[in-house]
Amino acid sequence: MIEQVVIVGAGLSGMRAASLLQSKGISCKVLEARSRIGGRVLSLGVKDRPEIGRFDLGPTWFWPNHEPAITKLVKDLGLSTIEQHTVGAMLFEQSQTGQVQRHVLPEGAVERSMRLADGIQSLIDALASSLPPGTVELNTRVNAIQLDQSGGVTIEAEQADGKKKSIRAAAVILALPPRILAERIAFSPRLPDGMIASLKDKPTWMAGQAKAVAVYERPFWRDAGLSGQVTSWAGPLQEIHDASPETDYGALFGFFGLPAKMRRELGEEHILKLVTDQLTRLFGPQAEKPIALLYKDWASDPETAVEEDVQPMTSFPEYGLPAGKSSWEKRVIFAGTETASGHGGHLEGALQAAERAASEAMNIL
């Protein structure tokens with residue numbers, strides 16, 4: 001089997017690169033180790049309640065005043081958006097027993113951000129629908145990539161049933177976290193040590209994080225003049241925001257302040273009990289019994305995180321293309337948000353990396 005381009009990873013960067021190549025008449029194959037498309041984009045609904053909508057357990061926002069690529073793509077695809085709700089007072093919690101402080105921020109203090117009405121997954125789904133059937137192969141893990149004497153590339157992959165397959169291509173786009181590809185894909189000839197070190201030095205964005213979403217019959221906190229936004233030093237959620245859909249339902253989501261190691265030790269059931277206790281402490285008895293609690297710990301996702309990612313980030317990483325050149329330079333192309341020169345870690349960075357990678361592939365062909 002010979003493809004013009006093989007893309008490893010069906011996250012936003014990989015799917016966008018595939019759609020750009022296909023739009024120029026360049027055939028490609030997307031290989032994804034997971035059983036779903038989206039990568040770190042994950043939007044889930046409430047079991048047996050599809051009318052409520054989907055909620056983001058991965059990336060949630062984009063900022064139209066600063067992020068042109070995603071703003072234009074969302075408009076071109078005709079996707080519905082929701083402006084992030086920030087009207088009302090925000091809460092500050094310094095301890096579990098102390099008084100919760102209430103502050104009204106001055107107008108314009110919060111940067112305008114947008115969500116997608118059916119979750120960021122709807123962006124992935126729209127890109128997927130633009131591709132020919134069979135373009136994406138799920139449950140297919142790439143283990144090795146070899147540079148042929150003819151200048152082509154051979155990709156060795158293994159499917160979930162253990163069946164192995166080889167695919168030849170003119171070029172390969174690697175659209176997965178740099179640490180994952182450095183650790184799990186064997187290259188022949190071997191990538192230079194400096195390039196491998198550079199890949200391992202790029203922390204996977206969001207890999208040490210976890211998110212929880214509490215869904216309610218209505219956004220009752222707005223009646224009390226609250227925006228739903230919280231900063232907490234008491235936890236377990238360190239940062240909370242309104243995640244309500246356009247329907248009458250309400251939702252609050254939060255990022256954890258608990259490190260990954262502690263979350264692992266406590267277990268999901270105990271963590272979600274702590275989440276409910278905190279929301280009740282902050283928003284009153286109406287928060288005690290949500291319709292549903294959704295939870296995703298990215299640090300325990302083997303397709304996202306390696307052991308080094310369990311350590312919390314202390315500063316924003318230096319992202320961009322890996323350092324060093326090699327004989328692979330014109331055949332292996334790096335994509336993914338961690339390789340973006342700007343907006344690294346954001347959806348915008350993933351799209352900018354996809355545009356650069358697709359352009360490089362077109363130049364090769």
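**Salt bridges, sheet and helix packing**

Glutamate 360 and arginine 356 both lie in helix 8 (residues 347-364), and because they are four residues apart they are separated by about one helical turn. Helices (H or I, at least four residues) and strands (E, at least two) are DSSP runs, numbered from the N terminus. The model is predicted: local features need pLDDT of at least 70 and side-chain atom pairs count only at pLDDT 80 or more, while totals for chains, interfaces and linings use all residues. Residues are numbered from 1 along each chain as its sequence is written, and side-chain values use heavy atoms, with hydrogens and water left out.

Glutamate 360 and arginine 356 form a salt bridge, with 3.4 Å between the closest N and O atoms; the term stands for a side-chain nitrogen of Lys or Arg within 4 Å of a carboxyl oxygen of Asp or Glu. Glutamate 360 has a relative accessible area of 29% and is partly exposed, and arginine 356, at 22%, is partly exposed as well. Here buried means under 20% relative accessible area, exposed over 50%, and partly exposed in between (1.4 Å probe, protein chains only).

In the whole structure, a search finds 23 salt bridges. One of them joins arginine 179 to aspartate 309, where the closest N and O atoms are 2.6 Å apart. Arginine 179 belongs to helix 4 (residues 178-184) and aspartate 309 to the loop between strand 18 (292-297) and strand 19 (332-334), so this pair ties together parts that are 130 residues apart in sequence. Both residues of the pair are buried. By contrast, arginine 190 and aspartate 193 are both exposed; their salt bridge has its closest N and O atoms 2.9 Å apart. A network of salt bridges links Glu32, Arg34, Lys296 and Asp301.

Strands count as paired if DSSP finds at least two bridges between them. Strand 18 pairs with strand 14 (residues 210-216) in the antiparallel sense over six bridges, and valine 213 has leucine 294 of strand 18 as its bridge partner. Contact means heavy atoms within 4.5 Å.

Strands 10 to 12 are linked by hairpins. Strand 10 (residues 140-147) and strand 11 (residues 153-159) pair in the antiparallel sense over seven bridges. Five residues lie between them, and glycine 151 in the turn has a positive phi of about 100°. Strand 11 is in turn joined by six bridges to strand 12 (residues 164-174), again antiparallel. In this second hairpin four residues separate the strands, and glycine 162 in the turn has a positive phi of about 90°. Threonine 154 is the bridge partner of glutamine 146 and stands opposite arginine 168 in strand 12.

Helix 1 (residues 12-23) packs against helix 3 (residues 121-129) at an angle of about 30°, with the axes 9 Å apart. Helix 1 is therefore roughly parallel to helix 3. The contact involves Leu12, Met15, Arg16 and Ser19 of helix 1 and Leu123, Ile124, Leu127 and Ala128 of helix 3. Axes are lines fitted to C-alpha atoms, for helices over the stretch in contact, and angles run from 0 to 180 degrees between N-to-C directions; those under 35 degrees count as roughly parallel, over 145 as roughly antiparallel, 65 to 115 as roughly perpendicular and the rest as oblique.
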